[in-house]
Amino acid sequence: MSPGPSSPTEEIKSPPGGRLSKALYWLLGGFAALLLFAMMALTFVDVVGRYFFNAPVPGAFEITELMLATLIFAALPLVTIYGEQITVDLFDTFIPNTVRHLRDGVISALSAAALFVLSVSMWGKAAESSGYGDTTAMLNIPIAPMIYFMSVMLALTGVVLAVMAWWSLSGHEQAHSDKY
Amino acid sequence: MLEALFAFLGMLGLIVLRVPIAFAMGLVGYLGYGLLIGWSPALAMITTVTYETGLSYGLSVVPLFILMGNFVSRAGLSDELYHASNAFLGHRRGGLAMATVVACGGFSAVCGSSLATAATMSKVAYPPMRRYGYSDALATGSIAAGGTLGILIPPSVILVIYGILTESDIGKLFIAGVVPGLLGVALYLAAVMITVRINPAAGPPGERMEWGERWRALRGVWGVVFLFVLVIGGIYGGVFTPTEAAGIGASGSFFFALLRRRLTTRVVIDILIESVRTTSMIFFVLIGALMFSNFINVTALPTELVEWVTALHVSPLTVVLLVVVVYVVLGCVLESLSMILLTVPVFYPLLLGLDFGDFIDPELLLIWFGIVVVVVTEISLITPPVGLNVFVLRTVLPEVGMGTVFRGVTPFWCVDIVRLLLLVFLPAISLYLPSLMR
């Protein structure tokens with residue numbers, strides 16, 4: 001059983017893995033972190049504005065929604081790279097190593113395929129939304145770019161999983177540790 | 001109904017094969033929906049669920065409360081909480097373990113996650129207990145059990161998820177958790193007393209502190225009290241919506257950590273990235289679960305379950321007790337968040353279909369059930385073999401054996417069962433406070 005959410009620890013952690021996964025960590029993680037901080041600040045300003053100055057931030061609701069969707073999709077490749085998807089490994093100790101790698105490889109490959117399907121379908125939805133010219137109700141922010149972003153992140157996560165599948169199946173050394 | 005049962009079995013099979021839970025639920029949901037309704041609607045369904053869950057304003061409380069908990073952990077408020085409860089309780093037999101329980105309760109009031117509560121408190125509370133010669137079992141047991149309070153005493157990420165699944169008022173759910181949480185603290189204190197009564201060597205008394213020192217220690221916890229009153233008081237008084245309260249709580253704990261000079265830019269970035277990763281993980285499990293429950297809804301399992309149970313002519317409370325038993329069993333093998341996501345969509349329509357008569361206010365039925373579900377989940381966090389809090393303790397304190405922690409947790413587990421029964425039979429414990437809210 002892997003305890004899903006990593007527990008907050010005192011020491012500063014440097015991201016594990018190779019250069020590419022480090023770059024992804026800082027790029028996507030940094031972007032998502034910025035969004036979360038902005039979301040917190042926005043709520044704060046909105047509430048203070050509303051109760052003390054009778055001037056809430058117009059459209060704060062919409063911006064929060066868009067930021068939330070963007071940040072969870074931006075973080076998806078990271079969660080996948082670091083193997084933080086919740087799994088139950090009750091019987092892992094009873095399974096020989098080779099079988100385990102085969103199994104992990106197959107699971108990653110299937111998950112990758114599923115994410116590609118979802119990504120393509122999401123791309124279609126984005127194109128549709130772009131065609132209608134969908135915007136948010138108050139601030140008229142176009143929605144399509146965010147759906148395209150979701151689609152791209154799903155595909156990127158698919159690529160991450162495909163690489164992980166390849167590593168597991170070909171017995172790549174990094175597949176033997178828990179962290180990629 | 002048969003297809004739904006096959007789906008459940010298939011999904012459990014996938015989970016046992018170590019398929020990520022989000023993927024297992026999503027895949028079974030997609031396949032089932034495809035077989036029953038058609039493949040193109042099934043693809044449209046999973047796409048829409050993925051897209052809409054991300055865009056849900058109500059769910060923005062999740063990252064904000066996670067962020068608040070992580071800032072609070074880093075601000076070092078846990079030290080003051082432990083110091084203060086220790087000043088009042090430490091001189092008793094088993095006093096340090098009691099102080100741990102109380103401090104965990106206090107920490108839960110500003111943190112929405114059980115794992116974070118257990119991880120944070122283990123660093124603060126374990127060293128002194130070890131110094132005073134506490135048995136490892138009592139020391140780790142009190143931390144693992146105390147940590148479970150994190151998801152009951154508001155704010156609570158699990159209650160938010162439950163609220164979204166059942167379309168219940170998250171503010172009322174939070175307020176309903178307060179008294180059961182305090183009851184939990186009281187019963188855990190009793191568990192410590194019983195443990196040291198049986199085995200006095202497990203928890204020798206610490207030093208007695210003067211009253212002056214006690215009051216000084218108490219002043220150290222004003223930060224926690226302030227944040228709790230601001231966030232939960234704000235929700236209770238109707239000043240804030242849960243999302244606003246979460247934003248204010250996160251900002252407040254950020255300023256706290258800043259004032260106490262616990263933050264560098266690097267630490268802030270780390271906390272933010274950590275919170276974002278936890279959020280993303282939770283969301284994708286939620287998305288998978290919603291795909292699965294969309295499929296369950298088209299199988300008519302919920303309605304058939306209601307008909308089946310009604311035909312049995314058993315009292316509604318018996319049904320609730322059976323549901324609780326199902327949860328306790330599932331809790332042995334499933335992780336807590338997935339357990340809630342999988343079962344609540346099936347059980348809550350069943351509950352709404354039962355006639356409770358005067359036993360409970362129908363409007364608050366789902367609030368009460370939410371508290372019961374969360375308490376069962378707390379129990380699953382310390383039940384072998386998959387008790388997550390026990391695993392968290394193992395990672396923080398690798399020198400203590402798993403068996404020792406589970407042995408230490410046993411008395412707390414027993415009083416948890418007592419609390420669960422009290423909450424089932426006396427709904428007023430949960431519902432008195434929310435019934436006053438308008």
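In what order do the elements of chain A run from the N terminus on? They go α-α-α-α.

## About the model

This is a predicted model, so to speak of local features takes a pLDDT of at least 70, and side-chain atom pairs count only at pLDDT 80 or more, while totals for chains, interfaces and linings use all residues. Residues are numbered from 1 along each chain as its sequence is written, chains are lettered from A in the order in which they are written, and side-chain values use heavy atoms, with hydrogens and water left out.

## Chain A

Let's start with chain A: it has four helices and zero strands.

Chain A has 180 residues, and 46% of them count as buried (under 20% relative accessible area; exposed is over 50%, partly exposed in between, with a 1.4 Å probe and protein chains only). Its contacts (heavy atoms within 4.5 Å) reach along the chain too: among those between residues at least 6 apart in sequence, 72% join residues at least 24 apart.

## Cysteines

How many disulfides are there over all chains? The count comes to zero, where a disulfide is a pair of cysteine sulfur atoms within 2.5 Å. Take Cys111(B): the nearest cysteine sulfur belongs to Cys104(B) and is 10 Å away. Cys111(B) is buried, at 1% relative accessibility, whereas Cys414(B) is partly exposed at 41%.

## Phe425(B)

Now for Phe425(B), which sits in helix 21 of chain B, residues 402-425. Phe425(B) is partly exposed, with a relative accessible area of 41%.

Notes
Helix = DSSP H or I, 4+ residues; strand = E, 2+ residues; numbered from the N terminus.
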